[in-house]
Amino acid sequence: MGLSIRSLRAADVPAVESLWEEAGMTSYASSGDIADEITDKLERDPDLFLVGELDGTVVATVMGTWDGHRGRIKRLAVAVTHRRSGLGAEMTDELEKRFVDRGITRLRLEVWADNVGGLSFWEERGYELQPDIRYFVRNLDDSDDLC
Ligand SMILES: CC(C)(COP(=O)(O)OP(=O)(O)OC[C@H]1O[C@@H](n2cnc3c(N)ncnc32)[C@H](O)[C@@H]1OP(=O)(O)O)[C@@H](O)C(=O)NCCC(=O)NCCS
């Protein structure tokens, strides 16, 4: 059976967390922070947090956020064993559709500069690299965590 895409549910939290760990997307934060990020999203707008399942197993995620003007795409991840078979594209197609259904048509996202696969993925989809933008962060508490 093909990929089944649906909104996040509370029961997905452990599976999502381990998928992100496998994808190397949790190194910046503690386990509690990651769980909080997921459950916060669940409370606010879970229909923009998608999980993709194959045979009942979560193998992909993508999250959309919205600031009232632009949409932002975060947390696109596909299980290592299922990459390069179009799942990332399917997840992004569905999120883009949900954005458009809400009238959100301007999208942004960030990719680490050394993430060659990620950069290729977005370029291949027609996303344009913005060389003129620099990205600033600041922690307003004492932590050294990456924002
Ligand atoms: C980036 C990622 C989500 C891609 O998922 P995927 O399911 O493998 O992507 P798809 O199969 O839909 O790829 C679509 C196209 O994107 C491009 N692409 C995807 N991964 C690529 C890679 N590693 N290198 C080069 N091009 C790549 C290709 O053009 C591909 O088409 P093709 O396979 O027919 O050549 C996946 O590699 C991943 O989870 N990486 C770790 C987390 C991450 O980096 N997330 C993105 C940061 S925002």
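This is a predicted model: local features need pLDDT of at least 70, side-chain atom pairs count only at pLDDT 80 or more; totals for chains, interfaces and linings use all residues.
On helix H3, the face turned away from the buried side carries the exposed residues Lys 97, Val 100 and Asp 101. Residues are numbered from 1 along each chain as its sequence is written.

**Helix H3**
- The buried residues of H3 are Leu 87, Gly 88, Met 91, Thr 92, Leu 95 and Phe 99.
- They sit on the same side of H3 because they cover an arc of only 130° around the axis, going by the directions from the helix axis to the C-beta atoms.
- Cover for those buried residues includes strands S1 (4–7), S2 (49–54) and S3 (57–66), plus H4; contact takes C-beta atoms, placed from the backbone, within 7 Å.
- Just after H3 comes Gly 103, with a positive phi of about 80°.

**Around the ligand**
- The ligand has 20 residues around it, the closest being Arg 83, Gly 88, Ala 89, Gly 117 and Ser 120; a residue counts if its C-beta atom, placed from the backbone, lies within 6 Å.
- Strand S4 (71–78), H3 (87–101) and H4 (116–124) each supply at least two residues of that shell, and H4 gives the largest share, 5 residues.
- Helices are DSSP runs of H or I with at least four residues, strands are E runs of at least two, and both are numbered from the N terminus.

How values were computed. A residue is buried if 20 or more other C-beta atoms lie within 10 Å of its own, exposed if 12 or fewer, and partly exposed in between; C-beta atoms are placed from the backbone. Two residues are in contact if their C-beta atoms, placed from the backbone, lie within 7 Å.
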